[in-house]
Amino acid sequence: MRAVQVQEYGGPEVLRTVETEVPEPGPGQVSVDVAYTGVNFADLKARGEGYRVPSLPFVPGLEVSGRVRALGEGVSGVEVGQEVAALTNGGAYADVVVADATTVFPLPSGVDLRTAATLPTVLPTAYALVHAVGRLQPGETVLVQGAAGGVGTAVGQLAKAAGASGVFGVVSGAAKAKYALDHGYDDVFVAPSTNSTASTNSTASTNSTNSTASTVSAGFVDEVRAATGGRGVDLALDPVGGETFRASLASLAVFGRLVSFGNASSAEPWRVGQPELYPTGLSVSGFSILTLAQTAPDALRALTEQAFAAVAEGVVSLPVTAEFPLEEASEAHRLMGGRTSTGKLLLRVA
């Protein structure tokens, strides 16, 4: 079978298509003939930095859609040939992948295989950020970093459906701001780079300010305060870390909540304590769907079923904005790494 391997860490060019043996499922596992594979920023960090890579060579990829190929010992609830979506520990850039049965999900009625590949990581993460961890209440406000990405696209819609009175996003350019405004956001701020002197409100200006996750300054704090009448937001969601984490914390209202769900900046892990939290009763929590899959698979399964139901009911949708053949995985990485992509990127496998 074909698989896209990382044999050494580096840029997109290190992704190489090779022929390898078809994996067999062990006890409690399912093998899947892959139709589509989702591309995630974690894949880029795995390729470039070894994020969650046990050893080389390594096949990246955390989510797929396809048909059940074979069942390992003790597996029930799915059948050979059944269409499923699956969250994996890696290996999804391939014709066949093995996943734990607890993270293999039959497709909801009306959801096709292409759409299903967008679901396993992004939708449960977004659902958890809004409901299980963020605990957004009707009438509250929320601030989302990376509002035009996969998780951000889903969060904007879910927050609106949950009754948020204000859904605010932060993006790195005007084109992304327009996209986010079309997917549930009330206002979107273009974050300046460290070379900029001012932030840009996308609803008032089309000027684009280039930035990367690691160089975003705290300029959007003033924008958030102005948009909320000086109050700040009730909930902030941050996948970037570093300077952006601190700015998100500074954007909170009294009794506000911040959820960290990534460190795209690769900055030093954040630390926050009494001096930051005590004065206005703030709280900080974290979420990782990959870690939850290992520590609390039953909780993950319940969360995923709720998220998939939201898709089936039309509450949320995640546009596929680019699709590449498996052999062109490097091009998908270049697009995502260039910080210009929106929505969800897919690899077409079968």
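Threonine 342 touches Ala148, Lys176, Tyr179 and Thr321, residues up to four places away in sequence not being counted; contact here means heavy atoms within 4.5 Å. The structure is a predicted model, in which local features need pLDDT of at least 70, side-chain atom pairs count only at pLDDT 80 or more, and totals for chains, interfaces and linings use all residues. Residues are numbered from 1 along each chain as its sequence is written, and side-chain values use heavy atoms, with hydrogens and water left out.

Threonine 342 lies in the loop between H11 and strand S16 (344-348). Helices (H or I, at least four residues) and strands (E, at least two) are DSSP runs, numbered from the N terminus. With a relative accessible area of 16%, threonine 342 is buried; the term buried applies under 20% relative accessible area, exposed over 50%, and partly exposed in between (1.4 Å probe, protein chains only). Threonine 342 and glycine 230 are 112 residues apart along the chain, and their C-alpha atoms are separated by 30 Å.

At the level of the whole protein, eleven helices and 16 strands are present. The radius of gyration is 20 Å, close to the 20 Å that the globule rule gives for 350 residues, so the protein is as compact as a globular protein of that length. This radius is taken over C-alpha atoms, and the globule rule is 2.2 Å times the number of residues to the power 0.38. Along the principal axes, the C-alpha trace spans about 60 × 40 × 35 Å. Buried residues make up 56% of the 350. Among contacts with a separation of 6 or more, 68% are accounted for by residues 24 or more positions apart.

In soluble globular proteins, nonpolar side chains tend to be buried together. A nonpolar core is defined as a set of buried Ala, Val, Leu, Ile, Met, Phe, Trp, Tyr and Cys residues joined through side-chain atoms within 4.5 Å. The largest such core holds 57 residues, of which Leu123, Val155 and Leu237 touch the most other members. Helix H3 (residues 122-132) contributes the largest share of this core, seven residues. Beyond its neighbours within four places in sequence, leucine 123 is in contact with Thr118, Ala154, Ala307, Val311, Val316 and Leu318. Another core, of 34 residues, lies apart from the largest one and includes Val6, Val64, Ala86 and Ala329.

Helix H1 (residues 41-49) and helix H11 (residues 329-337) have axes that come within 10 Å and cross at roughly 105°. Axes are lines fitted to C-alpha atoms, for helices over the stretch in contact, and angles run from 0 to 180 degrees between N-to-C directions. H1 and H11 are therefore roughly perpendicular to each other, a term for angles of 65 to 115 degrees. Phe41, Asp43, Leu44 and Arg47 of H1 meet His333, Met336 and Gly337 of H11. The residues of this contact comprise three nonpolar, two polar and two charged; Ala, Val, Leu, Ile, Met, Phe, Trp, Tyr, Cys and Pro count as nonpolar, Asp, Glu, Lys and Arg as charged, and the others, Gly among them, as polar.

Within H1, the buried residues are Asp43, Leu44, Lys45, Ala46 and Arg47. Their cover includes strand S1 (2-6), strand S2 (15-19), strand S3 (29-39) and H11. In helix H11, serine 330 is found, and it counts as buried at 14% relative accessibility.

Definitions and conventions
Angles under 35 degrees count as roughly parallel, over 145 as roughly antiparallel, 65 to 115 as roughly perpendicular and the rest as oblique.
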